[in-house]
Amino acid sequence: MITVESLTRKYGDHVAVDNISFTARPGRVTGFLGPNGAGKSTTMRVMVGLTPPTSGSATIEGKRFVDLPNPGREVGVLLDASAQHAGRTGREILTIAAMTMGLPSSSVDRMLERVSLTPTEAGRRVRNYSLGMRQRLGIATALIGDPHVLILDEPANGLDPAGIRWMRDLLRGYANAGGTVLLSSHLLHEIEVIADDIVVIGNGRIVAQGTKDELLAAAGTVVRTAEPVALAEALTHGGVEFTTSDDGALRTAADPAHVGQLARDAGCALTELKSADGAGLEEMFLELTADTQREGAAA
Amino acid sequence: MTATTLAPAEGTTTPAIARRRSVSAGIPTRRLLKVELRKMFNTRSGMWLMCSIAALAVLATTAVMVFASDADLTYDNFASAIGFPMVVILPIIATLSVTSEWSQRSGLTTFTLVPHRGRVITAKLIVTVAVGVAAMVVSLGIGALGNLLGASIAGIDPVWDISASQMLTITLATVLNMLIGFMLGVLIRNSAGAIVAYFVYNFVLPPLSMLLATSQSWWRDLQPWMDFNFTQGFLFQGELTARQWSQLGVTGLVWLVVPLAIGLFLVRRSEVK
């Protein structure tokens, strides 16, 4: 379990991470979603002790990362797949990691196989690796200590579709076996497909968090009826705000059950009632981060 | 976490990873030393620097045998022929062992596997000193072989002109040189910058200081107390006087210990990006 409590990190006047709190629970994949520069990487760097927090804390099973006796055996970390010595072979990089953790050298071969790096590839220097291969090597370094917590920053970057599928299955397997998985991404689709819990961050603040189901439900309801005026009246009467789409459907932030009840009480027959999850997380994500995003309209 | 005892029948739903929560032992310093020693030489640059040391040592020994007059076939000449490439190149390896963590960004992994920079840097420092001593033992050993071989080819008695105390001071000089490389690495934390600084420090400033001393008498008087390279020279000239030791100490403090302390302070605070 990873617990982040009231974490703040400032660089001079710039607040990179602004008082965020969340937990990543065992047995679940937690997606850490946000646009570039939102503070995801800074938060993860604080978690693994590379950057001291200005205030607040991040703990693994209640312990600060720097207090873990042999962190590699408990927490698998991949922050940046490009941050590997270009003049070392992949095998050497993995060997050093295994040595540091006190693992036998046989674990290196097993792990190389697990991340599908061939012996020839492993014997090449990282300088000649594609981003996808570096990513596999980085994942190997994170997994080799057989940790129960994984902290991965943009692990799907540079992987081909088959690689992304492989990664997804791997993380799912880890969570199903009781591990805690925290992965960040600005790729909405990736998070939507794999995560159980989602934490959305924008400009250093958490803008939404919860289970994927909750967040999708919170995206609201789409409702249609042959009597739009009557329904609009019923919703207004029930204190539900809504908008009318061009196609005549009403959209609201309220959940479908509540909307259905109001419609029934008003005696208004519906032709359609559904959660507005068709558009997926992307709409929610863009909406939630619109006013904090760089590209956003004047905030 | 407390260990839970669950019946094997429940194994299908019991999270295997959560159950296997053995508290791992810490990382002993001996292991860190082994890892850091390996990291010094398992990069492409490390490997080539090692190869160049070996190649230069062979070249230098051969050159002494071929070109030196019989009178110059001495232990001192053989040992310095082999020692010189080491003294020039090993400090670069010491520098890179620190700077690569930043320039190559491998520190991101190093400092998360061992989230105590002080321990990692100390391990690097100990390895640096050990490599310096080992390099001297090797060059004195190979020098002895070269001396025996050279003397027997020339048909003369081998000349053993390095005393035991000289061996110690020469070794100290090598270690100091390694520490200079290390210090510049810690202080600058950028491979290219630190290597340039090393060459300026060791090969540009000393001749300038010498030049200044020949023309300016005030600098000639100050030099033994200001010029670290000058005082390191004492170590190659046999027994040091108490005054020379204190001059070495003062210059070493200013040019090595103080910047190293500043560097160590900065290393622990600097962000590994």
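Predicted model: local features only at pLDDT ≥ 70, side-chain atom pairs only at ≥ 80, totals over all residues.
Visitor: How much space lies in the largest pocket?
Guide: About 580 Å³. The lining has 22 residues, and those closest to the centre of the pocket are A:Gly49, A:Leu50, A:Thr51, A:Pro52 and A:Val66.

Visitor: Which elements each supply at least two residues of that lining, the one of the largest pocket?
Guide: From chain A, helix 1 (40-47) and strand 4 (55-60); from chain B, helix 6 (117-154) and helix 11 (242-269). Strand 4 of chain A has the largest share, three residues.

Visitor: And how do the residues of the lining of the largest pocket divide into nonpolar, polar and charged?
Guide: There are 10 nonpolar, six polar and six charged residues.

Visitor: What about the second largest pocket, how much space is there?
Guide: About 490 Å³. Its lining consists of 21 residues, with B:Phe84, B:Val87, B:Ala173, B:Asn177 and B:Phe236 nearest the centre. Two or more lining residues come from each of helix 4 (75-103), helix 6, helix 7 (164-188), helix 8 (191-215) and helix 10 (228-233) of chain B.

Visitor: Which element gives the most to the lining of the second largest pocket?
Guide: Helix 4 of chain B, with seven residues. By residue type, the lining of the second largest pocket has 11 nonpolar, nine polar and one charged.

Visitor: Switching to salt bridges: how many over all chains?
Guide: The count comes to 18.

Visitor: What does A:Arg9 form a salt bridge with?
Guide: With B:Glu271, the closest N and O atoms being 3.8 Å apart. A:Arg9 is in strand 1 (residues 2-11) of chain A and B:Glu271 is in the segment after helix 11 of chain B, so this pair joins two chains.

Visitor: Are A:Arg9 and B:Glu271 buried or exposed?
Guide: Both are buried.

Visitor: Which residue does A:Asp197 pair with in a salt bridge?
Guide: A:Arg28, with the closest N and O atoms 2.7 Å apart. The two are 169 residues apart in the chain: A:Asp197 belongs to strand 9 (residues 197-202) of chain A, and A:Arg28 to the loop between strand 2 (14-24) and strand 3 (29-33). A:Asp197 counts as buried because its relative accessibility is 6%, while A:Arg28, at 25%, counts as partly exposed.

Visitor: Which residues are linked in a network of salt bridges?
Guide: B:Glu36, B:Lys39, B:Glu101 and B:Lys124. Within it, B:Glu36 and B:Lys39 meet at 3.2 Å, N to O. They are three residues apart in helix 2 (residues 29-41) of chain B, so about one helical turn separates them. B:Glu36 and B:Lys39 are both buried.

Key
Residues numbered from 1 in each chain as written. Chains lettered and ligands numbered in written order. Heavy atoms only, no water. 1 Å grid on protein atoms, 1.4 Å probe; cavity = no way out; pocket = protein on both sides within 12 Å on 5 of 7 lines; lining within 4 Å. Points joined across faces, edges and corners; volume = space filled by probe spheres on them. Helix = DSSP H or I, 4+ residues; strand = E, 2+ residues; numbered from the N terminus. Nonpolar A, V, L, I, M, F, W, Y, C, P; charged D, E, K, R; others polar. Salt bridge = Lys/Arg side-chain N within 4 Å of Asp/Glu carboxyl O. Buried < 20%, exposed > 50% of the residue type's maximum accessible area, 1.4 Å probe, protein only.
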